[in-house]
Every structure is written in structure tokens, then in C-alpha cells.
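Reader: I would like to learn how to read this model feature by feature. Where do we begin?

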Amino acid sequence: MDLSRLNKEQQEAVKYMEGPLLILAGAGSGKTTMMTHRIAYMLEKGVSPYNILAVTFTNKAAGEMKDRIESLTGGTRGMWVMTFHAMCVRILRNHGDVLGFKNGFSIYDESDKKALLKRIVKDLKIDEKIYPVSYLGSVISSCKEDEEDPDDYIDNNSMNFKAETVAKVYARYMEDLQQNNAMDFDDLLWNVVKLFEVSNEVLSYYQERFKYIMVDEYQDNSHTQERMLELLSNGHNRFMVGDIKQSI
């Protein structure tokens, strides 16, 4: 593996294979180059591609990473190189039944989410001027990001006069999703965390499989994504690259 094009710090990071490592690097500093060379280096040292997981935040970034890995190694077969959401979909298609979903579950986009909330607001005879669908959707999304169910939301917002109504909509929204065998984009992340928490068998399977986990754009991780990685990696072999100045 020719690492001569990398600087001293990049080479050191590429060769670090055991235990957690956080790399702080600015824009245009060669983060993706370093990560792809690290994967190629690990393969050369005998790591199975089956044990490698590399996640990022956009389809474009994941596609670029795949292309670079393929140019260095000849292929990505066996390893997972994808976005967080794509990873979660793959896991839930295989194990969503543990949470009561069939593997053919639907994924609701924002328009589906708004349409369902609009029906719920109408069914519950709630004044949409006081509780706009956009507001309800935003609150529900924030709750899921913080792993708050409707009861948690009420407990954490006891001084908010809207909390009880919002929680009622939220609870009905979750019931309707389950009945429709559907998840929204926030559910994809949270449901994997739930899955790992309720099934030691599933968690152990992925912990054993993904012994080398790499995360690009780590500064943009949400609470749910961080919890997922903590469970998945069990503190070992997490390789994270980020730039706090680029945080969204």
C-alpha cells in the first residue's frame, strides 16, 4: 500500500487500527482520502471487508467514498459503505419484525408525514391555526431525535400549555405508522437504537460483524446516531473524522 502521497499525520491515522480514534481536520485537508486509504490499508493487512462499516451523511459523499475505495482496492464487496439512513433501512429490512414491522415496510417522506398529521389533526378536532402541521411535525421530529416518546415529551414540557395536545397527536401518529407498517425518516434511526436495545441477539450479530467502524462528518452526528454507534461499536475500533467549524 503506497502511502507516500499522504502526510505524516495522515499516515499515522491510516495505520491506527485498534481502539477508538477521533480525527479533527478542516475542509479540504484530505479527510476522505485518508479514510479510503485506511480501508485499503486494513484490507492489505488482512481485515475482512465483511468487518468494515463506513458511514457518512449524504448519498453523494457515500458514492464518492465507494468510487475511491474501488479505485484503490478493486471493489467494495462485503463492506458497507453508505449513509446512516441506508444502513438503518438495511438493518430494519432484516430485523424490523422484532419491533412489529414487516420487512416490506413503507418509508414516509415529508409529504406523507404532513398528510398523515393533517388527517390526525382533523380526526381529533384540533385547531390547525393553533397547532399547525409544520409545528407538530417539527416537534415530533425533535422528540425522536432525543428518543422521547409522547409520555417523555409531556414530562419534559410540563410548563408548556400545548404539550398535552402535541403528545396526543404524537401518540396517534406513532399508532397510525405502526398500523400502516410504515416509518418516517426519523424512525429509521431511532428504531435501530430500539432494536439494539431490545434484542441482544441482533446487537451481538452486528457488533461481531462490524469490528471496524468509520464515520465521516462526525461533527453532524445527532444524539440518536451517537447512541447507535455507541451500541454498535461497544467503544472499540471507532474511527471518526470531523470538523467542528463545519457543524450544521
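**Cores, strands and salt bridges**

Author: Start with the core. The largest nonpolar core holds 53 residues, and Met-87, Phe-196 and Met-228 touch the most other members. A nonpolar core is a set of buried Ala, Val, Leu, Ile, Met, Phe, Trp, Tyr and Cys residues joined through side-chain atoms within 4.5 Å. Buried means under 20% relative accessible area, exposed over 50%, and partly exposed in between (1.4 Å probe, protein chains only). Apart from this core lies another, of 24 residues, with Val-14, Met-34, Val-47 and Val-241 among them.

Reader: What kind of model is this, and how are residues numbered?

Author: This is a predicted model: local features need pLDDT of at least 70, side-chain atom pairs count only at pLDDT 80 or more, and totals for chains, interfaces and linings use all residues. Residues are numbered from 1 along each chain as its sequence is written, and side-chain values use heavy atoms, with hydrogens and water left out.

Reader: Which residues is Met-87 in contact with, leaving aside its neighbours within four places in sequence?

Author: Contact means heavy atoms within 4.5 Å. With those neighbours left aside, Met-87 is in contact with Leu-53, Val-55, Trp-80, Met-82 and Met-228.

Reader: Now the strands. How many bridges join strand 2 to strand 3?

Author: Helices (H or I, at least four residues) and strands (E, at least two) are DSSP runs, numbered from the N terminus. Two strands pair if DSSP finds at least two bridges between them. Strand 2 (residues 52-56) and strand 3 (residues 80-83) run parallel, joined by four bridges. Ala-54 stands opposite Val-81 in strand 3. Between the two strands the chain passes through helix 3 (residues 59-73), and this β-α-β crossover is right-handed. That term means that, with the strands pointing away from the viewer, the path from the first strand over the helix to the second runs clockwise.

Reader: Which residue in strand 6 is the bridge partner of Ala-54?

Author: Met-214 is that partner in strand 6. Strands 2 and 6 pair in the parallel sense over four bridges. Strand 6 also runs parallel to strand 7 (residues 238-242), with three bridges joining them. There, Ile-213 has Arg-238 in strand 7 as its bridge partner.

Reader: Which way do the side chains of strand 6 point?

Author: In a regular strand the side chains alternate between the two faces of the sheet. In strand 6 (residues 212-215), Tyr-212 and Met-214 point one way, Ile-213 and Val-215 the other, and all are buried.

Reader: How many salt bridges does a search of the whole structure find?

Author: A salt bridge is a side-chain nitrogen of Lys or Arg within 4 Å of a carboxyl oxygen of Asp or Glu. The search finds eleven. One of them joins Lys-144 to Asp-187, with the closest N and O atoms 2.8 Å apart. Lys-144 lies in helix 6 (residues 133-145) and Asp-187 in helix 9 (residues 185-198), so the pair ties together parts 43 residues apart in sequence.

Reader: Are Lys-144 and Asp-187 buried or exposed?

Author: Lys-144 is buried, at 1% relative accessible area. Asp-187 is buried too, at 2%.

Reader: Where do Glu-64 and Arg-68 lie?

Author: Both lie in helix 3, four residues apart, about one turn of the helix. Glu-64 is partly exposed at 35% relative accessibility, and Arg-68 is partly exposed at 29%.

Reader: Which residues are linked in a network of salt bridges?

Author: Asp-123, Arg-172 and Asp-176 are linked in such a network.
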